[in-house]
Amino acid sequence: MFSEELKTLRRLGFRHLLLQILNFASVIASGLMLWKGLGLFFNTESPIVVVLSGSMEPAFYRGDLLFLSNPPNERYHTGDITVYKIPGAEIPIVHRVLETHDILVSNATAKSRKDPFAKYLPGPNQLLLTKGDNNHVDDIELYQGLDFLERRHIIGKVRGFLPYIGYVTIAMNDFPQLKYAALGGLGLLALIQRE
Amino acid sequence: MPPKKSTKALSPEPVPASGSRRGSSASPDKPPGPLSIVVTPEERDVIKVNNASVTDLKNACDDALKRYLSRPNLFKQIHLHTDVRLALGWAGVIVAGATGLYGWKVDFEQSKPGVWAGFILYVILTTLQTLYAYFVEGDIIFVGRRKTFSKRIITERVTISSRTIPVSSSSSQPSPANAPSYSLNITYLQSTSGGKSLLAKNRAQGSMEYSAFFDEKGLMVQELFERWIGELVEGAMEGKGA
């Protein structure tokens, strides 16, 4: 089945093979860099996440795609929907903020001389309590011993969403063969086609 | 011994006994053109492409041209444009991979400066690659060089760029006469003593419908194509287009 393509490749030489592999590799690389770039611009480790459980119904259903951002110096308010990850737990959780507490910790930097309230920057010094809309109790049990979430546990705040699209990711994770098949197909296409 | 001819008629000029020199009225130390070095039928592979895809047709013509002109005693292909594109592209891929690995291994907050550096480097490399391909490389498909040692060392440099001229949409009847064309631009430079004295600088241009080279099944008639290329290049070498 591939004898025509193999003959063509052998005839065209080594540089051509390198170029074709570069085609495939640069598609992957640009996707990766797009992801990392989005993460840098929105200050979040994972700018797009998929909802896995039904704990936020009727706002978000399983399979929805969420767009996150994490502005470092903005306060989080009650009612914001956040995605957080407790160290030790693998899966991030999407729930709504129920309570916030501001810790006024003195932050001895040069800025504090010009602005007396600089040391009370709300961003890194907030404690949060969350609860899923569809749950009966708040998330204390999920915090693995902590009483409150700290800002450093938060991946980001939900800014927008797309319904149903996340099912592609869920399918890829539940059936890893799909992932390898998609990657293999893409690789084959990139190697055989030319520009 | 006279060289073997393929299916087409012989050229009207007599072929001298030495075989590789053209017997024309030019000076005896003229470097040989591509038509005078004949391809034997056994050396040929069958080329079959998808007739409906103009990209495939152009790529097949480009590849045939490169093969035809880089035979022994003819031009040696200079791979500078390809190598620059490969270098920039692979550098970008490696930077992207390294940045991804670094961001995965190290905590997000600590990795931010490193990931910024990697991201900006990747954007610079990709921009450079795109600009190079658009401005410097353009339509060029073949750059070849040859040094011949007759009375003096003659260096030749040929640059060929090709593009497809699409069919004008006024008449949409598919027919052999109404097919997209393959258009070539050839620049030929001849110089001696290490490029210091210029002997000739010629340009030639030619185009022909794809239907002249490919039959209805998509098989390429290589002799026709090579004859056309050879005539164009020899025309450029003699300076007819100037």
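This is a predicted model: local features need pLDDT of at least 70, side-chain atom pairs count only at pLDDT 80 or more; totals for chains, interfaces and linings use all residues.
**Cores.** I began with the largest nonpolar core, which has 30 residues. Those touching the most other members are B:Leu65, B:Tyr182, B:Phe214 and B:Phe225. I then looked up which elements of chain B supply at least two residues each, and found α1 (54-69), β2 (140-149), β3 (153-165), β4 (181-192) and α4 (222-238). A second, separate core holds 15 residues, including A:Leu19, A:Leu22, A:Met33 and B:Ala96.

I went back to B:Leu65 and set aside its neighbours within four places in sequence. The remaining contacts are B:Ile141, B:Phe142, B:Ile160, B:Tyr182, B:Leu184, B:Phe225 and B:Ile229.

**Helix α2 of chain B.** I checked the span of this helix, residues 80-105. Its 26 residues reach 37 Å from first C-alpha to last, close to the 38 Å expected at 1.5 Å a residue. B:Ala96, listed above in the second core, is among the buried residues of α2(B). So are the glycines B:Gly89, B:Gly92, B:Gly100 and B:Gly103. I asked what covers the buried residues, and the cover includes α2 of chain A as well as α3 and β2 of chain B.

**Surface patch.** I noted a nonpolar patch of about 640 Å². Chain A contributes A:Leu38, A:Phe41 and A:Phe42, and chain B contributes B:Trp116, B:Ile120, B:Ile124 and B:Leu128. At least two residues each come from α2 (14-41) of chain A and α3 (108-137) of chain B. The most come from α3(B), with four. I looked at one of the patch residues, B:Leu128, which sits in helix α3 of chain B. B:Leu128 counts as partly exposed because its relative accessible area is 44%.

Definitions and conventions: Residues are numbered from 1 along each chain as its sequence is written. Chains are lettered from A and ligands numbered from 1 in the order in which they are written. Side-chain values use heavy atoms; hydrogens and water are left out. Patches are made of residues with over 30% relative accessible area and no salt bridge: like charges are joined within 9 Å, nonpolar side chains (Val, Leu, Ile, Met, Phe, Trp, Tyr) within 5 Å. Accessible areas come from the Shrake-Rupley method with a 1.4 Å probe; for residues, only the protein chains shown count as cover. A salt bridge is a side-chain nitrogen of Lys or Arg within 4 Å of a carboxyl oxygen of Asp or Glu. Buried means under 20% relative accessible area, exposed over 50%, partly exposed in between (1.4 Å probe, protein chains only). A nonpolar core is a set of buried Ala, Val, Leu, Ile, Met, Phe, Trp, Tyr and Cys residues joined through side-chain atoms within 4.5 Å. Contact means heavy atoms within 4.5 Å. The expected span of a helix is 1.5 Å times one less than its number of residues.
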